[in-house]
Structure formats: C-alpha cells, structure tokens
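Visitor: Please show me the structure. I will ask what backs each term you use.
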Amino acid sequence: EIHIKEPIEKEVNPRLLPGELLLCEASTVYKYVQEDGSNRGTYGKLVCTNFKISFLDDDSASDDNEPQFKNKIVGENDITLQCVDQIYGVYDEKKKLLTGQLRKYPETLIIYCKDLRVFNFCLRYTKEEEVKRIVSGIVHHSQTPKLLKRLFLFSYASAAPNNTDGSNQTVMFETLEDWRDELERTKGNVKYKAVTTNEGYRVSEKLPLYFVVPICISEESILKYEGRGIPIWCWSCHNGAALLKMSSFPKEQDDSTSQMQKAFLDGIYKTISKPPYELLKMDDLSSSLPSLQDIQTAYTRFKQLFLIDNSTDFWATDVKWFSLLESTNWLEIIRRVLKKAIEVAECLEIQHTNVLLIEESATDLCCVISSLVQVMMDSYSRTKSGFQSLIQKEWVIGGHSFLDRCNHLHKSEKEEAPVFLLLLNCVWQLVQQYPPAFEFTETYLTVLSDSLYVPIFSTFFFNSQHQRDTNKSGESLKTQSGPFRFLTVWDWSVQFDPKALAFLNNPLYAEKPKPDRSQRKTARFKHQRQLSLPLTQAKPSTKRGFFREETDHLIKNILGKRIGKFINSSDEPPNSLREFYDSWHSKPVDYHGLLLPRIDGPEIKVWAQRYLRWIPEAQLHGGGTIATAAKILDLMEEVQSLQVKMDEEHSQAVSGDVCSVPLLRNSARLSSLFPFALLQRQSVKPALPTSTWKDLEDEDDLVKRDDEFVDLSGDML
C-alpha cells in the first residue's frame, strides 16, 4: 500500500544563498520516508544548485513545525554537494552505483550522505526529460572531479555581504603576535621562539607563515631541507617539558643523501637534548599507529552500519551487532590513539621529557596526538574558544590537508582518510566520560563534524595556509577587484540563532575545580543496541588497569575468542605507564587538571548522537542525554526568570536583554534523536520469521552462523 500525500498546488522556490545558482530541477518527485518499511512519503520538487541538492515540498514554504535547532544554511532536506557520499539508482529492484555518464536512468534515486543521512527519491511519476536532467546534474555536480575555484566557497565569498559578527574569541594563529602570546601563555618563551623565516613561503609552501622552534635552531637549518628535520613546537607543559613535531625525510633516498640527512638530524638532536632542554623522546607515529589507509578502511566499514534506509535492514543487523561493530576495527583504532596520547602525557607530566612526534608530513596523526594531549593536559583547550584555537593552530594553520583528506574535489580517493573525524571521535570519548570538564557539548562536536561539508567557510576547504592565501585574490560580483573575504566556521551565528547556540554550551561546565568524586560517575547511554563492545557487565574490578588479568579468563569463557582477541590486540603497556594510568584513576578527578580517558574495552563507545541520530529505531523516547539537558535548561530558565523578578522587586534596572536559553516544554515528548531530528513514531521490532524460529531450536548453529568469530565449543586458551 502506498500512502500518498497529494502533489502540491502552489509553486515552491528554493531559498538561494548569495552566489547560489539553480542548475536543474524536477517536479512531481516522491520522497520516501523509510522509517517503517512502508512506502509512505510526500511529493515535491527536487532541485540541484551549485551549492546543494534540495527537496522542496509544501512544508518547505511554511515556518510551522520548525525545529528548535534549525541550521540557517542547510535545512533538513538539503544536502550540500560536498556532503554527498555515494549515489545509487534502482533499476528493476536492483541497486547500482551511479558515476559518470548514464545510459539508462533509474526509477529511484538513493543518496547516501557523509553525515549519514539517507534520501530515497522515487522518479516514477516525474517526466522523462526532467529525470534525465536532475539525475545527470546531481551525479555530475556531486561526484565528478572539479577545480578548487569551482567550489561554492568562492561564489559565496564574492557575493555575500561581509556583515558577520567580528567578536570571535578564537585565536587564528595567522600573525606572529598570536604565536608569541601562545608561547607566553604556556611559559614556553624561555626555550622557544616564533620565527619569520617562512615569510613569503620561501622555506616551504606546506609550512605556515609563522611557527615556533627551539631558540638554538638557526635560520640556515630551517632553510636547508625546506623545514624537514626541524622540531616544531606544539605546546609546553607546566613543568617546562614540551611537545614537538617533525616531518621526516623521505625513506627512499640514495646513500650519500641519507648520510647527509642523518648527520643533520644528529646535530639537531644533540642541540635540543642538552640543557636548558629536557631529555628527548622520539616517537615515529607511522610505525606506532595505524596507517591512514587502515583508518579509511575501518571507517568505511563502520559507517555502513549506520547508513540504513529501512527498518528491515536495521533489525537484520541487530542480531550480530557486536561482531559487525568489532569487525570494522574503528573502536580499536580510537582506543589505540587514546592510549598513545596517554603515553605522551606520561612522558611530559611524570618523566619531564620532551616528546618529538615524527611523521612523513607531520600534518595527519601528529595533529591528532598533539591535539588530544593538549585537550587532556590543558584545561584551556577544553573551553570552546580554547578548543577552536587549538584546531586553528594544529590543523588549519598547521597544514592538515582537509581538501585531500575529505576528498572535497573528488580528485583522488587514495588521499581520502577521516583523520579529523578520528580526533572528534576521540575528544567525544573524553566529553562523555568527564562532562563537567568541557565548556562545550557533544552537540557542538556533532555540528562541527557536519561543518566539514559546508563550503561557505574556508576553515576546512584548503590544504595549507599557503593555498588559502594564494587563492584569496579574485574578482567580486560587484566588479570590485579585491581579496575574497572568507568566513570562518567559528562564527556559529552564521549557522544558528541564539536559541540553537545554547545547545552548544555545557550548562554543567565546572567553572572551578570540584574534587567531589561522585561526579565522575556519568550515566551510561542505555539502549537495546549497545554502543560499546562488551567486556563484562559484572562488578567492576578494584584494579583499574589497561588489561585486567582476572577478567581475561571470564572473557574467553563467556564471550569466546572474538572479544579476547580484541582486548589483547595491543602489547601490554610498560609498567611505568600502567602505574601512571592506575594511579591517576585511583584519585578524585580535577576537572581543570590532567584528564586521562578510560580505555578498557567497553569504555570506548560509539558516538551515539552523530551515528544514530537519523535512525528512528534507535531513539529513546523521552530519554538519552538530551532529556537530562532539557531538564537542566528548563531549570536554568526558571532561575533566570526568578532573578529578573527579584531584580525588579529591588528596583534594579536590568539593562539589555536577559540571556535566555531555549525552554524545551514537554520534554517527555523529546527523543534521543533531538535536536537533529524531531520525535518519530516508534518502530516495532518485527516478529521473527518461521525460518529463524527453526534456527533458534539449534542454538549452536545460530551462534556459528550469526557470529563466525565466536566458537564457544572449541578449544579455549
């Protein structure tokens, strides 16, 4: 049965941004709502512009039922061209990936997005000519390689008025003064200096204009190998130990060149290993962490678990959820990265040793580890402005290749890797383990991950500061020659109004250190689909180490080899590191001091809000973290209104508007999908088909078939 909403009578036109052009459109397109496997949906118009793909129905014309958390740039039925992951066409009930020129046009168009939304458009009732135009237009503009200057970023920058709020506290690290201030803030200016050697990019186009090196490093050394082999300062600890990074020399060199480079490095190491510098520990991340290719492969598998467009698929994966989740290896990679950050923190904090992170370009895993270490050790990086300044320093100015790693131009899939998403996933682990330590919320991290694909901000659309600077000049649409004025993603008022912005700030942020240990126990996200791999749900061990001997036997006997293999997949940590980890976790948490993540198997969880927010079956009605947030925000508004009444009674004039937070009335009607999706009807788990009941009669067979990794009857170690 097809539940059809009648085609709209009135003409609905897309809301276009400055510089946005309508490229093609198709009427009488039927958008399925695949939440319960039925063919329910609505008719509307599907359009493609140079910025987005958009579906317009009669609801698009009205402001009724507007979500409280509305993005002013990208609506719920909008997909930016950079957010399109893959496009499939359905031909005679068979799905086929659409790329390049099409000979035959599909009956249904399925668009998978990088933010994990899935759109199903039925074209059966659309005119043939319009189908050809819209399908080929969408495939061409979202999937084919393009030039940098063809990004909507440039069209918008040349046409949009520059009237954004300039009061942004984020340090951009574009001036020498910014670097000197950071050195002073971290007390690193005694041993390190900000240099201007790369002005005009005469050293290297990959390095920023300004950066910081040890005082003893000469300008000649920096110039010699285009900045390679030079320790670049990231951050200084309170005890004087510093975190440094270095881009290594290419491995394939002739002998004479290798000898010269080795001699050069030996000289550098000797210079920075003697007083006033601390002892130096080097860590080659390319050998101690997974490769970018491994990270990309793991994430590709992982995201498939959430790109679900109907209830049947959801429940089909539910039986073998744990084995599917583990086989992706994504949570294990997060755990390994967090463990590496703990190792670095131990060297800096306990051993008072400088740590030098080495990587081929020093712009991928170096960025992840250095950022994580600073979030763990520097409470300033746990404020919103501090975290944004950190991203600017280590990633944007530090030269992370956002354009290549996100594959915004569709030039090469070999370069693609979700390195920045990996950082956000790791930071989320800390945010959900220690909520009061962070001024921002998980919603902030989620919208930040979404902003990777919104090409009106320059923040995530260049490979380096040099590339951004050289592409700044251009002609504006008003025939005025001059540099483009790019927006920064840190001006959140461009995307959200003040009410929505309240969801980005943590109302329970600990302004002052609170040694109360009871606050460490944060509520777990309970759901029928568990979000972390199980270790044991029995009483926690009194010994809180990385790997607990007393649970290993239990793991192997109850959960089989599969989970045992997961837990023991890395080497046993050194004793000093284990002592450091255990010692820290045995004390009350100082929310403004060092934070160490818990990294035992089940402590590493799936970022529920980001990955499950579009799946109605996964929602908790009136539950989840948002229910707690709703109550807190309601209380805050009540306190504020009482404060106003008290002020009025005491005849104290209140100047300006009172800062308000959104009142989430009737929070019982919310679900854990909020604020990204409104409450949706509950999906009922389907009755098991007859074939499954037969399988259940022979439990061993079901175990073997649904989870090939578990062999409970086999030889236990």
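This is a predicted model: local features need pLDDT of at least 70, side-chain atom pairs count only at pLDDT 80 or more; totals for chains, interfaces and linings use all residues.

Visitor: What share of the 717 residues in the protein chain is buried?
Guide: Buried residues account for 55% of them. To be buried, a residue must have under 20% relative accessible area.

Visitor: Which residues of helix α3 are buried?
Guide: In α3 (residues 176-185) they are Leu176, Asp178, Trp179, Glu182 and Leu183.

Visitor: Why do you say that the buried residues of α3 line one face of the helix?
Guide: Look down the axis of α3: the buried residues fall within an arc of 165 degrees, so they line one face.

Visitor: What covers the buried residues of α3?
Guide: The cover includes strands β9 (192-195), β10 (211-214) and β11 (232-236), along with α12 (384-396). Contact here requires heavy atoms within 4.5 Å.

Visitor: What makes β4 and β6 edge strands?
Guide: β4 (78-80) and β6 (94-97) each pair on one side only. They belong to an open sheet of 8 strands, ordered β4-β3-β2-β1-β8-β7-β5-β6, with antiparallel pairing. From one strand to the next, the twist averages 30 degrees.

Visitor: How many bridges join β5 to β6?
Guide: There are 4, and the two strands run antiparallel. Pairing needs at least two bridges, so β5 and β6 count as paired. Within β6, Leu97 stands opposite Tyr88.

Visitor: Which strands does helix α1 touch as it packs on the sheet?
Guide: Helix α1 (residues 128-143) touches β1 (22-32), β2 (41-49), β3 (52-56), β5 and β7 (108-113). Its direction makes about 110 degrees with that of β1.

Technical notes. Residues are numbered from 1 along each chain as its sequence is written. Side-chain values use heavy atoms; hydrogens and water are left out. Buried means under 20% relative accessible area, exposed over 50%, partly exposed in between (1.4 Å probe, protein chains only). The arc is that of the directions from the helix axis to the C-beta atoms. Axes are lines fitted to C-alpha atoms, for helices over the stretch in contact, and angles run from 0 to 180 degrees between N-to-C directions.
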